[in-house]
Amino acid sequence: MASLLEQALATLVRTFQEYSQFSGNPLCQAKFKELLEKELPTWAPTTLRECDYRQFISVLDTNKDCQVDFVEYMRLLACLCIYCHEYFKDSPLKPSCAQ
């Protein structure tokens, strides 16, 4: 059985592939927006104004091809992970097993 981390990595890859239709294809802006709205509704609310979205995508699209490739997608997810880590790092953790 795969570990939680292995499952999480597979989910990240599979999610991109589902929206890209093929594993090597980048996401067009419409598909990327759909991914954000459906898969990250708390982080990308549907009330995101079009001008805000265009500004966001212009920062994310580092090679300026008007698409989001897998590396750009992973950079976004890495930034979200770092943000979450920083936000929760001072929270008291519950022990994973009784001691």
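Helices (H or I, at least four residues) and strands (E, at least two) are DSSP runs, numbered from the N terminus. With those labels, select Trp 43, which sits in the loop between α2 and α3.

This is a predicted model, in which local features need pLDDT of at least 70 and side-chain atom pairs count only at pLDDT 80 or more, while totals for chains, interfaces and linings use all residues. Residues are numbered from 1 along each chain as its sequence is written, and side-chain values use heavy atoms, with hydrogens and water left out.

**Stop 1: Trp 43.** Relative accessibility sorts residues into buried (under 20%), exposed (over 50%) and partly exposed (in between), using a 1.4 Å probe and protein chains only. Trp 43 counts as partly exposed because its relative accessibility is 42%. Now show its contacts, meaning heavy atoms within 4.5 Å. Not counting residues up to four places away in sequence, Trp 43 touches Leu 80, Tyr 83 and Cys 84. Leu 80 is 37 residues from Trp 43 along the chain, and their C-alpha atoms are separated by 9.0 Å.

**Stop 2: the whole chain.** Zoom out and colour by secondary structure. The protein chain has four helices and two strands, in the order α-β-α-α-β-α along the sequence. Of its 99 residues, 20% are buried. Among contacts between residues at least 6 apart in sequence, 45% join residues at least 24 apart.

**Stop 3: helix α2.** Select 29–39, which is α2. Its buried residues are Phe 32, Leu 35 and Leu 36. They lie on the same side of α2 because they cover an arc of only 95° around the axis, the arc being that of the directions from the helix axis to the C-beta atoms. Ala 30 and Lys 38 are exposed on the other side of α2. The buried residues of α2 pack against α1, β1 (27–28), α3 (50–60), β2 (67–68) and α4.

**Stop 4: helix α3.** Which residues of α3 are buried? They are Tyr 53, Ile 57 and Leu 60. Look down the axis of α3: the buried residues fall within an arc of 60°, so they line one face of the helix. Gln 55 and Val 59 are exposed on the face turned away from that buried side. The buried residues of α3 pack against α2, β2 and α4.

**Stop 5: Thr 15.** Move to helix α1, where Thr 15 lies. Buried or exposed? Thr 15 counts as buried because its relative accessibility is 13%. Leaving aside neighbours within four places in sequence, Thr 15 is in contact with Leu 35, Glu 39 and Tyr 73.

**Stop 6: the largest pocket.** Select Leu 12, Leu 40, Tyr 73, Leu 77 and Cys 81, which lie nearest the centre of the largest pocket among its 17 lining residues. α1 (4–20), α2 (29–39) and α4 (70–88) each supply at least two residues of this lining. Its largest share, seven residues, comes from α4.

How values were computed. On a 1 Å grid over the protein atoms alone, a cavity is a set of points where a 1.4 Å probe fits but cannot get out, and a pocket is an open set with protein on both sides within 12 Å along at least five of seven lines; lining residues have an atom within 4 Å of a point.
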